[in-house]
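Please keep the structure open while reading.

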Amino acid sequence: MTSRNPRDSRLRLVSPRTLAAAPRAAVTQRRRPAPRPPEGTPPPVELARMARAVLADAARVARWADAALRPGRDGASPDGKGSLSDATAERAAADLGLTPDQVRHDWDTARLAGLVEVHGDSARPGWRLRAWNRDDSAVLRGWVAFFDAWSIAYPEPEDREPAAVAEVVSAMPQVLSFLQLSAGPVPVEQLLDLLDQRVTELRTERCEVPYVPPLAHHHPSDEALRAAPADSEPGAEPTTEDTPLAPLLDWSLRALASVGALTYGDGQATLTPLGSWAVWVKLEQICVAAQSPAGNIEVSAEDMLRGCAQLRPNAARAEYRAWLAARPVGGAVTELINAARGEDALIRGLAFEALRVVGAPAEPDVRTVADETPLRPYALLWLAEHDGADPEDAHEVLTREESTWLWVDTAAAVADHGEAPLLVRHLESAVQATVPALLDEVRAVGHPRTVQVLVALAAAHPDPALAKAVRRAAFQVHTGGR
């Protein structure tokens, strides 16, 4: 019970949270029934068994690295950027009965599946490796990460136009969706027609319409000029439109077969049970986002986050995944960080929750913004958790001033979007032991929303003495006094 004398008011110390989630806790949301996968989909335990089989070699190399390359072991040394040095690859090959090239391939697969995590210039076992034998959901998430990276796992043709390769990669989700709906073998010719249609749509969306200028005079070469691309010259390199799609479709199908998503041969392709399940999961995520009140999949990052503000954490994460799946990762991360720079503290906290779903690809951008005062506490907590800290202990990386800034920022989110009792309970998360100490440090930290937060807290708090002290502090901040 709070003392009526503010000088003696003690605050119960609890671990600070990234409190942007707090307003959502006060909202009751009707939960969408869990969808059922298509008939014939194996149960999760069987799907996990299949995923373990696909990634068995990668898990074997990751376990070897965990045992052989721990600090303090003979011969253990960092290999730049998390890749295996020649000496380490040869050592692993000798221990495992493989060739060095096989070891490197399995190592790269382990990285893509999250069995190995790269942090800066070093690599270490990922949490999925620790849970590999006991957690089917961790195994399936690891395989889905590998599936998402199919175009990286299987080298693209070197003699093809990079822009054409990018178009085919962008078009393949529709091809996979068609395979999933077909629920059986599909001739490659049919897939090629679909791919051609989708690539044409992508070019049309970018307004890539070939332009041929009108010819004032007819010359014998006019027909040849009309037949050539508008920007072509004798001896020019082939354009994207000139690149045949059949070889790129062949590469895509082989790559997807290499990650265990489909089988490919005899002029046809068929999704494996794992591939069919993964495509269904992604389609379901998109459907969830499309059914949300804000139409999250098509809107900006800020609007998407605002649409997720009243969802429970699991539902919000599903929305983040669906939004992320619909756009390139780099652009999505930039959008989320720009949204975090806005004035709404709730959006700032939710943006970093969405960046947690992005994971490792967001690390360079998050490190970059760690020097920006409004984003620094969020970025430091994100990086600490990314580096393996327990979320309950991650707050220890923050200085007292950074913790106080985060407390005010979160209080602003609660004041703007939550309820008065929630703002009063927010006092419990402060790192300061007493109300006077909290008020002194809140005034010193210089958060731009300090006055509004203190006024809202004073209005909400039931203790008259404490409310008076808080109002006095708000007035002093407002007038610049002490």
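Are Asp409 and Arg348 buried or exposed? Both Asp409 and Arg348 are buried (buried means under 20% relative accessible area, exposed over 50%, partly exposed in between, with a 1.4 Å probe and protein chains only).

The model is predicted: local features need pLDDT of at least 70, side-chain atom pairs count only at pLDDT 80 or more, and totals for chains, interfaces and linings use all residues. Residues are numbered from 1 along each chain as its sequence is written, and side-chain values use heavy atoms, with hydrogens and water left out.

**Salt bridges**

The whole structure holds 20 salt bridges (a side-chain nitrogen of Lys or Arg within 4 Å of a carboxyl oxygen of Asp or Glu). Among them are these:

| Pair | N to O distance |
|---|---|
| Asp148 and Lys282 | 2.9 Å |
| Asp409 and Arg348 | 2.9 Å |
| Arg367 and Asp387 | 3.7 Å |

Asp148 lies in helix α7 and Lys282 in helix α13, so this pair ties together parts that are 134 residues apart in sequence. Helices (H or I, at least four residues) and strands (E, at least two) are DSSP runs, numbered from the N terminus. Asp148 is partly exposed at 43% relative accessible area, and Lys282 is partly exposed at 23%.

**The sheet**

Three strands form an open sheet in the order β3-β5-β4, with antiparallel pairing (two strands pair if DSSP finds at least two bridges between them). β3 and β4 stand at the edges, each with a single partner strand, so one side of each is left without a neighbour in the sheet. Four bridges join β4 to β5, and Tyr264 stands opposite Ala269 in β5.
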